Every structure is written in C-alpha cells, then in structure tokens.
Amino acid sequence: MASDKTAGAATVAARLETDERTAHGVADLVADRFAAEDVAVSLSDAGGGRWQIAIHFRSAPDKSALRTLVSAAAGPKAAAALRFERVSATGWVRQSLAGL
C-alpha cells in the first residue's frame with residue numbers, strides 16, 4: 001500500500017520494445033536488482049514477435065545505472081533505446097466512476 005508521501009505523486013516509467021527472450025531477461029534482471037516496493041515491471045505482447053517492457057519506479061531512477069543494467073541484459077542498442085517518461089498521478093477509481 002502506498003504511503004501518504006507517495007500516494008498521488010507522479011512516478012517515472014522506463015519503456016523498451018524488444019523480442020520476447022530479451023524482454024524476459026531485462027524484466028528478470030530489473031526485478032532482481034530493485035526492491036519490490038520500489039519498482040513494478042510489466043511485459044506485454046506487442047505482436048509480430050515484439051514485446052514491450054514497462055518499468056515503473058516509485059521515485060526517479062538513476063537513468064545511467066538503469067541503462068547499464070539493460071545493456072548487461074540486452075546489449076547497448078537496447079540500453080540506448082530505453083525511453084523515460086513521467087507518469088502523472090491519476091485517481092483511477094475516481095476517474096472510472098466519473099459519469100456513472
């Protein structure tokens with residue numbers, strides 16, 4: 001459960017699209033290196049043999065260190081392709097109930 005400090009706070013996500021085997025390798029390595037309460041990793045099938053990795057961080061990650069980690073699992077091209085974005089806080093329950 002999120003603490004009062006992190007509830008409603010914006011987070012950072014890192015995203016990468018790659019092949020299935022590499023996606024699982026990156027996801028496993030990230031999950032092993034970060035505490036479960038600090039990171040969430042998801043994989044989704046993008047079709048055509050491509051997979052999307054989304055790594056959501058509770059607080060801003062060290063981008064250089066994450067690129068080094070991704071490079072170890074997937075190579076320097078994958079590390080360079082890693083995209084970072086800020087994810088704004090959203091009241092999903094409130095938003096889903098709007099208009100009912």
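Modeller: A definition to begin with: helices (H or I, at least four residues) and strands (E, at least two) are DSSP runs, numbered from the N terminus. Residues are numbered from 1 along each chain as its sequence is written. This is a predicted model, where local features need pLDDT of at least 70, side-chain atom pairs count only at pLDDT 80 or more, and totals for chains, interfaces and linings use all residues; side-chain values use heavy atoms, with hydrogens and water left out.

Biologist: OK. How many helices and strands does the protein chain have?

Modeller: The protein chain has 4 helices and 4 strands. In sequence order the pattern reads β-α-β-β-α-α-β-α.

Biologist: And what is the order of the strands in the sheet?

Modeller: The 4 strands form an open sheet in the order β2-β3-β1-β4, with antiparallel pairing. Two strands count as paired if DSSP finds at least two bridges between them.

Biologist: Which strands stand at the edges?

Modeller: β2 (39-47) and β4 (83-87) do, and each has a single partner strand, so one side of each is left without a neighbour in the sheet. From one strand to the next, the twist averages 25°.

Biologist: What holds paired strands together in general?

Modeller: Strands of a sheet pair through backbone hydrogen bonds, either parallel or antiparallel.

Biologist: How many bridges join β2 to β3?

Modeller: There are 8 bridges between β2 and β3, which run antiparallel. Gly 47 has Arg 50 in β3 as its bridge partner. The hairpin of β2 and β3 has 2 residues between the strands, and Gly 48 there takes a positive phi near 65°.

Biologist: Moving along, how many bridges do β1 and β3 pair over?

Modeller: Strand β1 (residues 11-19) pairs with strand β3 (residues 50-57) over 8 bridges, again in the antiparallel sense. Arg 15 is opposite Ala 54 in β3, and Thr 18 is opposite Trp 51 in β3.

Biologist: What about β1 and β4, how many bridges there?

Modeller: That antiparallel pair has 5 bridges. Across from Ala 14 is Phe 84 in β4.

Biologist: Now the helices. Which strands does helix α1 touch?

Modeller: Helix α1 (residues 20-33) packs on the sheet and touches β1, β2 and β3, and its direction makes about 145° with that of β1. Contact means heavy atoms within 4.5 Å. Axes are lines fitted to C-alpha atoms, for helices over the stretch in contact, and angles run from 0 to 180 degrees between N-to-C directions.

Biologist: And where does helix α2 lie?

Modeller: Helix α2 (residues 63-74) lies across β1, β3 and β4, at about 130° to β4.

Biologist: Let's pick some residues. Is Thr 68 buried or exposed, and why?

Modeller: Thr 68, which sits in helix α2, is exposed because its relative accessible area is 54%. Buried means under 20% relative accessible area, exposed over 50%, and partly exposed in between (1.4 Å probe, protein chains only).

Biologist: Where does Gly 25 lie?

Modeller: Gly 25 is in helix α1. With a relative accessible area of 30%, Gly 25 counts as partly exposed. Gly 25 and Ala 74 are 49 residues apart in sequence, and their C-alpha atoms are 7.5 Å apart in space.

Biologist: Which residues does Phe 34 touch?

Modeller: Leaving out residues up to four places away in sequence, Phe 34 touches Val 39, Phe 57, Leu 66 and Leu 69. Phe 34 is in the loop between α1 and β2, and is partly exposed, with a relative accessible area of 28%. Phe 34 and Phe 57 are 23 residues apart in sequence and 9.5 Å apart in space, C-alpha to C-alpha.

Biologist: What about Gly 91, where does that lie?

Modeller: Gly 91 is in the loop between β4 and α4 (92-97). Its relative accessible area is 41%, so Gly 91 is partly exposed. Gly 91 and Ser 71 are 20 residues apart in sequence but 35 Å apart in space, C-alpha to C-alpha.

Biologist: Last topic, the whole chain. What share of the residues count as buried?

Modeller: Of the 100 residues of the protein chain, 26% count as buried. The C-alpha trace spans about 45 × 30 × 20 Å along its principal axes.
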